[in-house]
Amino acid sequence: MVDYGVMAEGLFYIFNIKSLLSLTGGVLTGILIGSIPGLTTTMGMAIFVPLTFFMPPLIGIPFLIGIYKGGIFGGSIPAILISTPGTGAAAATVADGYALTQKGKARSAIQMSIFASCLADFSSDILVLFFAYQVTKLALVFGAPEIFAIIVFSLLVISTSSADNLPKGLISLTLGLVCSMVGVDTGGRWRFTFDIPDLSAGLSYISVLIGLFAFSVVIDETLKSIKEKIVVQAKLDPNDKITWKDIKHCMPAIARSTIMGSFIGIVPGIGQPVAAFLGFAQAKRFSKTPELVGKGSLEGVAGAEAGNNAVNGPSLLPLFAFGIPGDVISSVLLGAFLAQGLRPGPRLFIDHGKIMYAILIGMIFANLILFALANLSSKYIAKIITIPKHFIIPTVFVLTIVGSFAVNNSWFDVGVMFLFGLIGYLMNKFDVPMAPLVIAFILTHTMETNLIRSIIIFKGDLAGFLGRPVALGFILVSAAIFLFSLLKPIVNRSRKGKQNKA
Amino acid sequence: MTSKRKDIILSIAILVFALAFIICIPYQTVEDPILGARGYDILNGAFFPKISGALLLLSGVLLVVLAAMAKSKDDTERKPLFEKNEVSRLFFILALGFGYVKLVHLTNYPIATALLLGVMMVLTRARNWLVIIVYSVAAGLTIYYVFSRVFYIPLH
């Protein structure tokens, strides 16, 4: 049962001016970052994570949550106004959003995006508030073999779902495994340190994150700016706005996308873009005018935006319950949680119930703040994307360096950040996804520790997994996912060959 | 460059890296004789690196096989992997970063930061010198103030 007393204490913890201001600042920062094409929510969070280390937990973490919520919504602004999704999650909004802008209805599209995003996010956060404790309690009965099997399952799902072809997902996953082995092994012995003292503590997690998600963007955007001047122009009619009739018309699409997005969020590795496209697809399928969806329909915007925002809250459940980040944004939050002494896992709500409920209630407040701020400023929001890149890119460059230095006061970490920035840039060039690398980097130590514990429990016999039905189930499902992903391109090719012959 | 050629280049790079990694394993991991004596060789520090090395090798082989099986697309996809001067510009950006770190040590944080911001603004096509100077100095000082005075991070 949820302890309502602890929940009420959590409400009092978060309901103070500093935490609310922090949430507001985070939401504004997130909208700004998300609305600039090229800058991602993950990048924004990665830059600001080191700052939160020096703040109390109920100021630092709400700030990051504000960035998360604001950033995912902010991504829809350039998608609607200039047909360029600010984040991957907003890609499904482009078709209808931009078509509405071309019809002079940009403000309606933005307002529908605000409404659908906030309502879906709010509903899914309520779900998390009441179920997070139960899920973490369920995790308490899991032992080392089950946790090992869940991690294997999560890594495979993430690597197979984030790439078009299996080998690229596996390459990213394995690079994450390899990078995390630098430092000390589970027995306390040095491993892959190459006699470099700075490597003895391993590669800094924050430097790896900032390098991959922020510095690689700085490189890419600088190279683009050198090549050609990027001119952004957005049109916005101040007299255009949505009506209650529009909201009523879009409510079924919002409700369906919210339910679907919430379930997608719980499964590690699928994330907002998939939920957004599924939300868009269901909006088209169930619409009374399906021929208009994709060509400038508010239903399409509502379906896509509700889908991607409903993922936000539930995607944190695997993190809270098992310490397994379901996506890269959760992996950034994991860094902030650990730095604040909040170790995600089965005991999180038992040991830090008040703070955790305060954070969950903060997530709900963030939606209300986002709704108010975005609605009040929807007239002016378009102007965000007109901030010239020559202010943003240099500032982000400096912040990536300070951010990676700040964690350990180490210039070596800055070098690691540069290296991973280059790796991230090359991974983008070769279409290799970054999510499996980051999540494998974070989880390898836990996975290795739990495998070792399992082997000790089974007295050296790996067949012991056969006697643990939950662990065995996850391993079998993982094997099935691997085989399916491996055979999918071959089956597709032979099917295409048959079609061509026919 | 076609995606097929891109995948083949990537797979070769991964295979070379995987081989180098596997060769390093015996030299960069420590075996535990106690674990070995108890029949728990599997628990040694080399066990996970061996699995990772094998997985990396497998991924590289899979990618090269799938790329070899794929049909080449038409010429519309034949853009070079790196455009003209892209590599030199890429290294210039990295050199700017390393140069900045060196400059922080040689001068001080606000001066080095203002210089980096100025150079980056010129690179990203800012053209008004007054704006470049005012923004570089103001942003450099603000970042310095926030990190060193508010968060007590020794930026030197």
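Helices here are DSSP runs of H or I at least four residues long, numbered from the N terminus. This is a predicted model, where local features need pLDDT of at least 70, side-chain atom pairs count only at pLDDT 80 or more, and totals for chains, interfaces and linings use all residues. Residues are numbered from 1 along each chain as its sequence is written, and chains are lettered from A in the order in which they are written. Let's look at a helix pair and a pocket.

- Helix α10 (residues 205–227) of chain A packs against helix α4 (residues 86–106) of chain B at an angle of about 125 degrees, and their axes (lines fitted to C-alpha atoms over the stretch in contact) are 10 Å apart.
- On the α10(A) side, A:F215, A:I219, A:T222, A:L223 and A:I226 meet residues of α4(B), including B:R89 and B:L90; contact means heavy atoms within 4.5 Å.
- By class, this contact of α10(A) with α4(B) has seven nonpolar, one polar and two charged residues (Asp, Glu, Lys and Arg count as charged; Ala, Val, Leu, Ile, Met, Phe, Trp, Tyr, Cys and Pro as nonpolar; the others as polar).

**The second largest pocket**

- What gives the most to the lining of the second largest pocket? It's α20(A), with ten residues.
- Other helices of chain A that each supply at least two lining residues include α8 (144–161) and α10.
- The lining of this second largest pocket divides into 22 nonpolar, 14 polar and seven charged residues.

Conventions: Side-chain values use heavy atoms; hydrogens and water are left out. Axes are lines fitted to C-alpha atoms, for helices over the stretch in contact, and angles run from 0 to 180 degrees between N-to-C directions.
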